[in-house]
Amino acid sequence: MAKMRQQIVEADSDRWEAQLRKGALEMAALASLWNGRLYGLEIIRFLETHSRLVLAEGTIYPILNRLKTEGLLTSEWVEAEAGHPRKYYSLTEAGRLRLREMARAWVSFSSGLSRLLEPLLETEEISK
Amino acid sequence: MNAEYQMKNYLDDLRLHLGPMTLNEREEIVKEISAHIRDAAETGTNMETILDRLGSAGELAAQYRDGLLIRTASRSVSPLKLMRAALRLATKGVFGVFVFFVGIVGYAMGGGMAISGMLKPIFPAHTGMWIQDGRLVAFGTQFPSIGPPAHEVLGMWYIPLMLTAGSLTLLLTTFLIRTSLQISQKWQLRLQRNGGMA
């Protein structure tokens, strides 16, 4: 019974974490382009290196596509030395503004939540 | 199976699953995913791992398609596109079911009135609005025809009245579905943003 309860708790928190990552990914994809244009695989590697966000690689391309449709990104095909063209994405002015708004809201929200949650983790460590 | 063949298979499969999109959108996506696979292969990752990380072609296409139908339909006036989008919305919740129901009823009523107006010159004795003792007893195109003591009151005015009422009902239905689709998109965007902040 306890094992079953543990499995349910783990499955629920996995699902919650997956949703959390998915929601944050849109903002992370915009943030990766703050310093200049990148193509798909570079964005994935950038996020892995800078935010430890490990992605199912297929998830990023539909997100980039949607952000482009919303006018937050532009894209251009550039011929590469690799022998095939690459699609580079850049932030539009609207994308920069939206990202700033998102970052501001995220930082204030997460710092508030951290204040709420940190005591819980400390209690757990003490009880160990 | 060699890598080039695996990649071609995957891209063909993706193209197939992206079917409902326009040719340009589809080829742009396939070109980008093809570039991703080649770039990843150049880093020494084997083809199975690359394709595995992308997810199945069906899943990848579904992520692209999700929302596209609703997005394009919300700018369209085609009843077929609007009803397909309303049907998709109906799979997502009660609001969608309501929109789909309004669409079915609205288009059926509007279309019915317009057709009935057009049938008046062909079946003048069978089409109209019948009244008996001040009460409406029948309306539309009736077989067999309604006889006395009920009598038809609109005559040939039935044609412009029904054509106008039918067209207005069709327009109103189109407007209602489009507005509902746009509202649902806004809700979804808000949900995604809130999800991102949570």
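## Terms and model

Two residues are in contact, or touch, if their C-beta atoms, placed from the backbone, lie within 7 Å. The structure is a predicted model, in which local features need pLDDT of at least 70 and side-chain atom pairs count only at pLDDT 80 or more, while totals for chains, interfaces and linings use all residues. Residues are numbered from 1 along each chain as its sequence is written, and chains are lettered from A and ligands numbered from 1 in the order in which they are written.

## Chain A overall

Chain A contains four helices and three strands; helices (H or I, at least four residues) and strands (E, at least two) are DSSP runs, numbered from the N terminus. Along the sequence these elements follow the pattern α-β-α-α-β-β-α.

Chain A has 128 residues, and 20% of them count as buried. A residue is buried if 20 or more other C-beta atoms lie within 10 Å of its own, exposed if 12 or fewer, and partly exposed in between. Among contacts in chain A between residues at least 6 apart in sequence, 44% join residues at least 24 apart.

I60(A) is part of helix α3 (residues 60–69) of chain A. This residue counts as buried because it has 23 C-beta neighbours inside 10 Å. Not counting residues up to four places away in sequence, I60(A) touches A29(A), G40(A), I43(A), I44(A) and L55(A). I60(A) and G40(A) are 20 residues apart along the chain, and their C-alpha atoms are separated by 7.6 Å.

A nonpolar core is a set of buried Ala, Val, Leu, Ile, Met, Phe, Trp, Tyr and Cys residues joined through C-beta atoms within 7 Å. The largest has 29 residues, of which A29(A), L30(A), L64(A) and L14(B) touch the most other members. At least two residues of this core come from each of α1 (2–32), α2 (40–51), α3 and β3 of chain A, and from each of α1 (3–17), α2 (23–42), α3 (47–54) and α4 (57–65) of chain B. Another core, of 10 residues, lies apart from it; I70(B), L82(B), I177(B) and L181(B) are among its members.

In chain A, three strands form an open sheet in the order β1-β3-β2, with antiparallel pairing. Strands β1 (38–39) and β2 (73–79) of chain A are the edge strands, each pairing on one side only; two strands pair if DSSP finds at least two bridges between them. Seven bridges join β2(A) to strand β3 (residues 85–91) of chain A. V78(A) stands opposite R86(A) in β3(A).

Chain B has an open sheet of three strands in the order β2-β1-β3, and the pairing is antiparallel. Its edge strands are β2 (135–141) and β3 (151–152) of chain B. Six bridges pair strand β1 (residues 127–132) of chain B with β2(B), and W130(B) stands opposite A138(B) in β2(B).

## Two helices of chain B

Helix α6 (residues 79–90) of chain B has 12 residues and reaches 16 Å from its first C-alpha to its last, close to the 16 Å expected at 1.5 Å a residue (the expected span is 1.5 Å times one less than the number of residues). Its buried residues are L82(B), A85(B), A86(B), R88(B) and L89(B). These lie on the same side of α6(B) because they cover an arc of only 155° around the axis, the arc being that of the directions from the helix axis to the C-beta atoms.

Helix α7 (residues 94–119) of chain B has 26 residues and spans 37 Å from its first C-alpha to its last, close to the expected 38 Å. Buried residues in α7(B) include G96(B), V99(B), F100(B), G103(B) and M113(B).
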